[in-house]
Amino acid sequence: MTRRHASPADPCGIAHAVGVLGDPWSLLVLRDVAGGRTRFEQLVAETGISRKVLTQRLEALVADGVLERRAYSERPPRHEYVLTDLGRGALPVLGALQEFGDTWLLGDGQPDAGAPADSNEAARVGALVGETVPRLHALDPVSDEPLTVVYCYPGNAFPGAAEIPGGIGCTLESCTYRDRLAEFADLGASVVGVSTQRPGEQAAFAAANGIRFPLLSDADLELTTALRLPTFRAGGTTRLKRQTLVVDRDRTVRATLFPIPDVTGSVEEALRLVREIAGRPDGFGQDDWPTRRNVPLLPPS
């Protein structure tokens, strides 16, 4: 593998970053490690990379300080690869690449808090059903309750929201979850909101609106890149598109909602999914977990 590192005297940060992350296979390996696939065989299966090339890329990423090699078995000797602080610092690069691909290569170049039901983004969110939410460094959206409803939203009163399809409704969505929180709790489900806003902004919003459940900040895009969640850019910030995941305490995604054109309807639909999964008389027992790929909501009539 040919690697071109920038000269120490080169003042261009792009040149130095390309020297570490400029290889396509390295970026895909980093993507999958960020998503919790930290072992050699997992990476081979996910990327389709040859074992020889994967060995080279892993060695290079470890040498550059992006990944750390850790032993998880002595007999036989086995290792996994985890992100270092430097590696976590590269996550916004992955987020920007995904956003560029979704918006400009697969989309029409316009910011949108939603997506067509038959879009690549909708397929990607739907494919999360059955996947595991990895344990992250800075935030954990999964509670100890049997189920957690994780709703992702762009941000409250962000610049340009009125001009972006689906941009308005974050306050209404959060307040609707607030008002129906007891219904989720009765079913053994907690509610967590996630946005890329800073914690201080979220705390101020929660205090002003009486939000009694956690609002978590993914400003560093750790959860976003781990699950490859769809994003858009507005007000100079990468923002999560409006989407909902239902996750069990074993960290497995059981259902998803995306796109979401009706924020209050999405809360009702999330409650219905939780009721089914929790095994109420009109739903499914825990031995018969429903496979709910994406459940696109219809806009209000």
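Me: What makes β6 and β7 a pair in this predicted model?
Reply: Pairing requires at least two bridges between the strands. Strand β6 (residues 231-234) and strand β7 (residues 237-240) have 4 bridges, in the antiparallel sense. Therefore they count as paired.

Me: What makes β6 and β7 a hairpin, and what is the phi of Gly-235?
Reply: The two strands have 2 residues between them. Gly-235, in the turn, has a positive phi of about 60°.

Me: How do you know that the span of helix α4 agrees with its number of residues?
Reply: Helix α4 (residues 51-63) has 13 residues. The expected span is 1.5 Å times one less than that number. That gives 18 Å, and the end C-alpha atoms are 18 Å apart, so the two agree.

Me: Which residues of α4 are buried, and how do you know on which side they lie?
Reply: Buried means under 20% relative accessible area. Leu-54, Arg-57, Leu-58, Ala-60 and Leu-61 of α4 are buried. They cover an arc of only 165° around the axis, so they lie on the same side of α4. The general rule is that an α-helix has 3.6 residues a turn, so residues three or four places apart point the same way.

Me: What does the other face of α4 carry, and what covers the buried residues?
Reply: The face turned away from the buried side carries Lys-52, Glu-59 and Ala-63, which are exposed. The cover over the buried residues of α4 includes α1 (13-21), α2 (24-34), α3 (40-47), β1 (67-73) and β2 (78-83). Just after α4 comes Gly-65, with a positive phi of about 85°.

Me: Why is Pro-92 called partly exposed?
Reply: Buried is under 20% and exposed is over 50%, with partly exposed in between. Pro-92 has a relative accessible area of 37%, so it is partly exposed. Pro-92 lies in helix α6 (residues 91-105). Leaving aside residues up to four places away in sequence, Pro-92 touches Asp-220 and Leu-221.

Me: Which residues of helix α8 are buried, and what do they pack against?
Reply: In helix α8 (residues 170-179) the buried residues are Cys-170, Glu-173, Ser-174, Cys-175, Thr-176 and Tyr-177. They pack against β3 (147-152), α9 (181-186), β4 (189-195), α10 (199-209), β8 (243-248) and α12 (263-277).

Me: Which residues of α10 are buried, and how do you know on which side they lie?
Reply: Gln-202, Phe-205 and Ala-206 are the buried residues of α10. Their arc around the axis is only 100°, so they sit on the same side of α10. The face turned away carries the exposed residues Gly-200, Ala-207 and Ala-208. Cover for the buried residues of α10 includes α8, β4 and β5 (215-217). Gly-210 follows α10, with a positive phi near 65°.

Me: How do you know whether the radius of gyration of the protein chain agrees with that of a compact globule?
Reply: The globule rule is 2.2 Å times the number of residues to the power 0.38. For 301 residues the rule gives a value near 19 Å, and the chain has 20 Å, so the two agree. The C-alpha trace spans about 60 × 50 × 35 Å along its principal axes. The chain has 12 helices and 10 strands.

Me: What share of the residues in the protein chain is buried?
Reply: Buried residues make up 50% of the 301 residues.

Notes: Residues are numbered from 1 along each chain as its sequence is written. This is a predicted model: local features need pLDDT of at least 70, side-chain atom pairs count only at pLDDT 80 or more; totals for chains, interfaces and linings use all residues. Side-chain values use heavy atoms; hydrogens and water are left out. Buried means under 20% relative accessible area, exposed over 50%, partly exposed in between (1.4 Å probe, protein chains only). The arc is that of the directions from the helix axis to the C-beta atoms. Contact means heavy atoms within 4.5 Å.
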